[in-house]
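Subject: Structure handover

Hello,

Here is the structure I said I would pass on. Please open it first and keep it beside you while you read my notes below.

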Amino acid sequence: MSINEATPRDWDKVSKTKSYIDPYDIQPDPVNKPSHYNAGNIECIDYLKDSLGTNFEHYLEGSIKKYLHRFRYKKSPVEDLRKARWYLDRLITEQLDKNS
């Protein structure tokens, strides 16, 4: 069976046999919407994009490298890998927007 063919019942079976707690499943979402980055009227990432201008892509690249470097030493390494992926996805979006 492929991942696209799995039914909700199939996913329930997998989730009951999971041997680890996935930090990505915890609310609030510490990767996509960390609560400490949303305290004001503007999300931190939007402020950084506005204030850094063309250097924003360098910030994204640095964040990717940071999370890839330190994930092995963290209590929840998958969370840092997901953060690296989030920044990579954002960098890809920035590139696509720039080239369109």
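**Salt bridges**

Arginine 70 and aspartate 80 form a salt bridge, and their closest N and O atoms are 2.9 Å apart. This pair links distant parts of the chain: arginine 70 is in helix H3 and aspartate 80 is in helix H4, ten residues apart. Please note that the model is a predicted one.

Are the two partners buried or exposed? Arginine 70 has a relative accessibility of 28%, so this residue counts as partly exposed. Aspartate 80 has a relative accessibility of 2% and therefore counts as buried. The cut-off used here is that buried means under 20% relative accessible area.

By the rule applied, the count comes to seven salt bridges. I describe two others in detail.

One of them joins glutamate 79 to lysine 83, with 3.3 Å between the closest N and O atoms. Why are these two separated by about one helical turn? The reason is that glutamate 79 and lysine 83 are four residues apart in helix H4. Glutamate 79 counts as buried because its relative accessibility is 16%. Lysine 83 also has 16% relative accessibility, so lysine 83 counts as buried.

The other is between the side chains of arginine 90 and glutamate 94, at 3.2 Å from N to O. Both residues lie in helix H4, and their spacing is four residues, about one turn of the helix. Arginine 90 counts as buried, because its relative accessibility is 16%. Glutamate 94, at 9% relative accessibility, counts as buried too. Arginine 90 and glutamate 94 belong to a network with Asp46 and Lys49, joined by salt bridges that share partners.

**Aromatic pairs**

How many aromatic pairs does the structure hold? There are four. A pair of aromatic rings is described by two things, the distance of the centres and the angle of the planes.

Take tyrosine 67 and tyrosine 87. Their ring centres are 5.9 Å apart and their planes are at 15°, so this pair is stacked. The cut-off behind that word is that planes under 30 degrees apart count as stacked. Tyrosine 67 lies in helix H3 (residues 56-70) and tyrosine 87 in helix H4 (residues 77-99), so the pair ties together parts that are 20 residues apart in sequence. Tyrosine 67 has a relative accessible area of 6%, so the residue is buried. Tyrosine 87 is buried as well, because its relative accessible area is 9%.

Tyrosine 87 has another ring partner, tryptophan 86. What is the angle between the planes of tryptophan 86 and tyrosine 87? It is 85°, with 5.0 Å from centre to centre, and the pair is edge-to-face. For that label, the planes have to be over 60 degrees apart.

Ring pairs also link several residues into a cluster, made up of Phe56, Tyr59, Tyr67, Trp86 and Tyr87.

**Between the two topics**

One distance connects a residue from each section. Glutamate 79, the salt-bridge partner of lysine 83, is found in helix H4.

To find your way around, start with helix H3 and helix H4. Arginine 70 and aspartate 80 link these helices through a salt bridge, and tyrosine 67 and tyrosine 87 link them through an aromatic pair.

Regards

Terms used. Residues numbered from 1 in each chain as written. Predicted model: local features only at pLDDT ≥ 70, side-chain atom pairs only at ≥ 80, totals over all residues. Heavy atoms only, no water. Phe/Tyr/Trp six-rings, centres within 6.5 Å; stacked < 30°, edge-to-face > 60°. Buried < 20%, exposed > 50% of the residue type's maximum accessible area, 1.4 Å probe, protein only. Salt bridge = Lys/Arg side-chain N within 4 Å of Asp/Glu carboxyl O.
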